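Biologist: Hi! I'm new to this one, could you walk me through it?
Modeller: Happy to, let's look at it together.
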Amino acid sequence: MHRAAAVARSVKASSVLRAGLRQHAAARSFSASATARLNSLSTYTEDEEMLRESVQRFANEVVGPKVREMDENEMMDPAVIKGLFDQGLMGIETSADHGGSESSFTSAIIAIEELARVDPSVSVVCDVHNTLVNTIFRKYGTKDQQDKWLPQLAENKLGSFCLSEPASGSDAFALQTRAKKDGSNWIINGSKMWITNSYEAEIFLIFANVDPAQGYKGITCFVATKDMGIQIAKKEQKLGIRASSTCTLNFDDLKVPEENVIGEVGKGYKIAIEILNEGRVGIAAQMVGLAQGAFDKAVPYTYQRSQFGQPIGTFQGMAFSIAKAAVDIESARLLTYNAARRKEEGKSFTKEAAMAKYWSSVVAQEVSGNAIEWAGGVGFTRETGIEKYWRDSKIGAIYEGTSNIQLNTIAKFVQKEYS
Amino acid sequence: MRPSAVRLLNVLVPIKRTIDYAVKIRVNPQQTGVDTNVKHSMNPFDEIAVEEAVRLREKLKDAVKSIKVITIGPPKASETLRTALAMGADAGIHVEVPEASPSPEPLGVAKALQAVIKREKEGVDLVILGKQAIDDDAGQTGQMLAGLMGWSQATFASKIVVDTEKKEASVTREIDGGLEEIRCRLPLVLTTDLRLNEPRYASLPNIMKAKKKPIEKLSASDLGVDLTPILETLKVTEPPKRTGGQKVESVDELVQKLKDAGITAVA
């Protein structure tokens with residue numbers, strides 16, 4: 001009896017030991033950071049949660065009442081842009097020394113999502129300024145450039161990212177804007193098209209080619225201010241995100257001092273490629289917010305509107321449609337936040353960013369389209385603001401890399417892995 | 001004659017974490033209260049109180065020496081303190097109660113605040129509270145605190161002007177008949193009404209700054225206060241659903257129906 005018990009005890013002990021060793025071995029194969037508790041993607045820091053609440057309130061109370069007017073007039077209210085600056089939302093990742101909020105990339109994503117819930121036009125203003133313009137200075141600017149430009153961008157000067165041209169969109173590196181060295185200046189000539197924020201911006205990041213014979217290896221990134229002589233030409237009249245200005249820019253012998261080259265001459269293509277990754281996660285967040293905003297507007301209505309003696313949202317057909325939309329939004333959100341966290345961890349996130357942007361734009365269009373149908377006639381009229389989300393969603397599949405470009409990127413990763 | 005030194009004000013703002021005002025409240029199945037598994041945030045009147053303190057500092061500048069916020073609540077209530085710090089308060093005090101414990105009642109809160117004020121080495125000159133919490137709508141804490149401390153009180157304030165030299169405040173109160181303006185000597189207990197101000201949003205830089213501001217943790221026993229409720233809630237129900245009314249043909253019929261319903265005031 002004694003013996004058996006002793007044997008049983010030792011077996012138990014050694015199996016526990018073995019299990020422990022197994023666990024330890026498994027843990028050893030992870031990186032040190034992963035042995036900390038692994039959190040779900042719904043985990044945010046306290047600051048991130050406070051930011052989400054704060055932006056939600058700002059969006060609902062300050063932006064909300066103006067959404068329709070800005071859309072109908074195709075004009076962003078300057079008070080809204082000022083509000084974004086005052087709330088510290090235009091220097092989210094910028095260091096405190098440069099007047100920024102020194103927060104995480106995910107914080108920027110949260111702000112973009114919450115703004116988009118109320119107005120995707122306002123969201124894109126914040127997105128382009130933070131994920132494209134600010135990040136370029138933070139990553140590729142010299143200390144002097146950072147000291148000069150980041151504080152202005154954090155405090156009150158709106159930035160614009162100028163890459164696309166009439167003849168080059170997806171084929172970005174076929175751009176034709178030229179920069180020619182003249183003494184200690186660069187003279188820039190050419191046109192940019194489809195430029196977000198351009199009507200209100202004062203600081204412009206312009207991609208121009210200094211030596212077309214070198215192909216894309218001549219592309220260089222320059223910073224210029226409006227008062228250097230940038231001509232803001234035609235403002236586009238668009239289907240959606242109408243309040244966000246999209247203009248054509250003309251550069252006619254625009255003189256830019258040589259210290260305004262960001263990064264190295266001829267390395268602009270690298271900046272463009274790398275920065276668009278972060279921009280994609282930003283757009284994904286905008287689309288997630290858009291889908292959520294449309295959902296939040298239409299679904300409560302379906303529980304109030306009764307036909308045939310019951311709220312229409314309780315009919316099974318409607319309930320299934322609503323449930324599917326909820327699944328889609330959650331999936332798009334998880335893709336987006338995972339891409340953001342991967343970036344914060346220093347992991348490669350190109351594929352994930354492409355997936356998030358592609359899928360979120362699909363979900364945005366689908367959910368906002370359904371939202372109109374759920375609300376019926378009321379969804380079709382402009383008064384409730386539901387239809388606006390559908391119009392706004394279309395751009396998601398187009399800008400910052402069309403859906404086909406995203407699929408191309410993803411396919412290349414798959415090919416590399418599987419062939 | 002030497003002017004009397006401007007007394008530096010120490011302001012205390014008690015805040016409460018309540019169910020968010022936008023939530024659709026539902027009675028819980030046990031009928032003992034409402035479902036609390038919903039979004040919570042700072043009591044809106046308390047936000048107004050924090051905002052008023054921050055505005056006082058913006059107006060009086062260095063004359064406002066410190067703005068401390070205090071809450072009595074479960075661990076999660078520290079988030080509410082952080083929001084207040086992000087709005088501009090300097091430091092927080094968290095009197096932590098266990099998660100499952102019942103919500104403290106106004107008298108208990110007032111006694112705890114009294115203990116905290118007595119503890120404060122620098123003293124407290126101004127306590128600004130929300131006029132009521134939106135969960136219990138009691139509207140008692142400020143008044144009870146003033147009574148316990150023997151201080152002036154000015155409730156339902158819609159405007160506050162503080163004179164640090166005279167150590168006075170003139171307060172406009174919203175009362176049933178309209179507005180009343182009173183002059184009070186410091187130290188003073190104020191409760192805020194809706195029209196006092198519009199609270200600011202916590203901007204991102206301030207949220208980040210709030211991380212470095214200190215929060216002192218205390219327990220009720222540290223203060224020598226018993227927060228056990230003295231009231232027992234017997235039952236919580238929703239108001240009865242509205243049923244349709246009846247149409248009558250004449251006033252006589254109406255009077256008859258009222259009589260039949262036992263409304264004896266009808267002759």
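Modeller: One term to begin with: a polar contact is a pair of N or O atoms within 3.5 Å; within protein, one must be able to donate a hydrogen and the other to accept it, and residues adjacent in sequence count only if both atoms are side-chain atoms. This is a predicted model, where local features need pLDDT of at least 70, side-chain atom pairs count only at pLDDT 80 or more, and totals for chains, interfaces and linings use all residues. Residues are numbered from 1 along each chain as its sequence is written, chains are lettered from A in the order in which they are written, and side-chain values use heavy atoms, leaving out hydrogens and water.

Biologist: How many residue pairs are in polar contact between chain A and chain B?
Modeller: Five, with both residues at pLDDT 80 or more. On the side of chain A that touches chain B, helix α2 (residues 46–63) gives the most, with 11 residues; helices are DSSP runs of H or I, at least four residues, and strands are runs of E, at least two, numbered from the N terminus.

Biologist: And how many salt bridges are there between chain A and chain B?
Modeller: Three, counting a side-chain nitrogen of Lys or Arg within 4 Å of a carboxyl oxygen of Asp or Glu. One of them joins Asp47(A) to Lys211(B), with the closest N and O atoms 2.8 Å apart.

Biologist: Changing topic, what does UniProt list for residues 266–414 of chain A?
Modeller: An unreviewed entry there gives "domain: Acyl-CoA dehydrogenase/oxidase C-terminal"; UniProt positions are in the numbering used here, feature names are shortened, and annotations may be inferred rather than shown by experiment. Over residues 266–414 of chain A, the chain is 78% helix and 3% strand.
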